[in-house]
Amino acid sequence: MKIYNTLNNKKEELVPIEEGKIRMYVCGPTVYNYIHIGNARPMIVFDTVRRYLEYKGYEVNYVSNFTDVDDKIIAKANEEGVTAAEIAERYTKACLEDMNNMNVMPATVHPKATEEIDGMIEMIQTLIDKGYAYEKNGTVFYRTRKFQGYGKLSGKNLDDLNAGIRIAVDDEKEDPMDFVLWKPKKEGEPSWASPWSDGRPGWHIECSVMSNKYLGSSIDIHAGGEDLVFPHHENEIAQSEAANGVPFSNYWMHNAFLNINNHKMSKSAGNFFTVKDIAEKYPLQVLRFFMLNAHYRSPLNFSDDLMNSASSSLERICNSVSNLKHIKDVATARDFSDDDKNYETTLNALSDKFDAAMDDDFNTADAIAAIFEIVKLANSYITSDSPIELVNISYDRIVKLCDILGIICKKEEEMLDEEVEALINERQNARKERNFARADEIRDELLAKGIVLEDTREGVRWKRS
Ligand code: AMP
Ligand code: ZN
């Protein structure tokens, strides 16, 4: 399997540190608002990478942080007259909901910056002890020039960077390229005690510390959006490698931007849609499918036209799966004819094509094209006269390949049916536990969806009113 490694600017064979295991860290969002669909791109892309690695048999330890202390969070808290912790908690919860609705699996661990301050203080102290950091008036800076490898990820060179800096040199810094590891608090800001000042950590240090704590000093894959290459990831490398004395991450993966009218979608530019906005117009499966129709390293322009076309493409897959499901109910067992055997061989070859696309730096666009070929083949070949085993193989194959991409290929009515049945089960359990208030609440919730319940001897029946 090959991965495009930003560190060396080429596709490289994936060789994990520990056989059969992958240690993967994905930089997560700053929780000061609802996430927009640009933020959703790395979530969907790297969740798909994780799912494919798991399908290939790797045990993936997947860590993704929430930055829950930051200037933007503090500003929002002041604006609303609430604490920064309240803002962070509200938007972390909302983000986890959005992730779940996009079928993004929860990380093995979702660390939060505010819960890892001790580790950050410890790493900053190590950097000071090793001469890679220094304190001035309560602020701790990283001594960028001391780290030999600075610039190896972004290809930037410190002298060029220095020449580009036109702003007045911060007189507390020894060098304009030095960056903050710890800063003293300002009035009204959340703060923690440290050997240098009551204050808070800089942003970059959190990922170095969390990655080290949950995955070890060397990891396989570190990922995020391409805007993180410099300075965030470059600084993470400088911190982690100086503190630990070993290579930080062997592979660096970066997704390209999601754009609107060819401009990066971003909160600051105001040209964004939140995941919640999109959920009002489309099932989030469509958003996921739209994203995966492009290669993750290609910029992707968002438009209603493209979303509508993603929606009808996805529907073609779902229709095929639904037809196969009906055929499964009527088909019977018989030996494979020669044509059946040929069909199965072609089906397997197309599955291999899917794997080959994914093995080539997770080319989800080509992988989806392979699924369409299978759908086309199954639609034209499978009938109720086909042997049941062949129908099952076809059904299972399409469902499995979609599942690797995190796509649930069910029609909306089927999803709704499942939702209704889950609620009915919950109501039954509530009644068993004599929690009649909850049972009534569920009955009302279902009524609001136009579902009428009928308690019969055989159990609960339901129909749409
Ligand atoms: P932030 O909350 O801005 O730190 O962003 C969280 C993640 O979303 C980072 O990996 C960013 O690189 C990524 N990101 C932000 N905007 C976009 C965009 N328009 N397209 C793709 N990725 C983005
Ligand atoms: Zn990070």
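Along the chain, the donors of the zinc ion (ligand 2) follow the spacing C-x179-C-x24-H-x3-E. Cys-27 lies in the loop between β3 (21–26) and α1, while Glu-236 sits in helix α7 (residues 229–244), so this pair ties together parts that are 209 residues apart in sequence. The model is predicted.

**The zinc site.** Four protein residues supply the donors: Cys-27 and Cys-207 through SG, His-232 through NE2, and Glu-236 through OE. These atoms lie 2.0 to 2.7 Å from the zinc ion (ligand 2). The angles among the four donor atoms run from 71 to 126 degrees. The site is irregular. Cys-27 is buried. Glu-236 is buried too.

**Ligand 1.** There are 16 residues around ligand 1. Gly-38, Gly-225, Asp-227, Leu-258 and Met-265 come nearest. Nitrogen atoms of the ligand also make polar contacts with the protein, as listed here.

| Residue | Part of the residue | Distance to a nitrogen atom of ligand 1 |
|---|---|---|
| Gly-38 | polar backbone atom | 3.1 Å |
| Asn-255 | N or O atom in the side chain | 3.4 Å |
| Leu-258 | backbone N or O atom | 2.7 Å |

**The cores.** Nonpolar side chains tend to be buried together in soluble globular proteins. The largest nonpolar core here has 93 residues. Met-24, Leu-53, Met-102, Leu-287, Ile-317 and Phe-354 have the most contacts inside it. Helix α1 (residues 37–55) gives the most to this core, with nine residues.

What does Met-102 touch, not counting residues up to four places away in sequence? The list holds Ile-35, Ala-40, Met-43, Ile-44, Val-275, Leu-284, Leu-287 and Arg-288. One of these, Leu-287, is also among the residues with the most contacts inside the largest core.

**Thr-92.** This residue is found in helix α3 (residues 84–101). Is Thr-92 buried or exposed? Its relative accessibility is 6%, so Thr-92 counts as buried, the cut-off being under 20%. A polar atom of the Thr-92 side chain lies 2.6 Å from the backbone oxygen of Ala-88. Thr-92 also touches Val-31, Phe-66 and Lys-112, leaving aside residues up to four places away in sequence.

Methods:
Residues numbered from 1 in each chain as written. Chains lettered and ligands numbered in written order. Predicted model: local features only at pLDDT ≥ 70, side-chain atom pairs only at ≥ 80, totals over all residues. Heavy atoms only, no water. Core = buried A, V, L, I, M, F, W, Y, C linked by side-chain atoms within 4.5 Å. Buried < 20%, exposed > 50% of the residue type's maximum accessible area, 1.4 Å probe, protein only. Helix = DSSP H or I, 4+ residues; strand = E, 2+ residues; numbered from the N terminus. Contact = heavy atoms within 4.5 Å. Donors = N, O, S within 2.8 Å, 3.2 Å for Na, K, Ca; no water. Tetrahedral: all angles 85-135°; square planar, octahedral: opposite > 155°, others 65-115°. Polar contact = N/O pair within 3.5 Å; in protein donor to acceptor, adjacent residues only side chain to side chain. Near = heavy atom within 4 Å.
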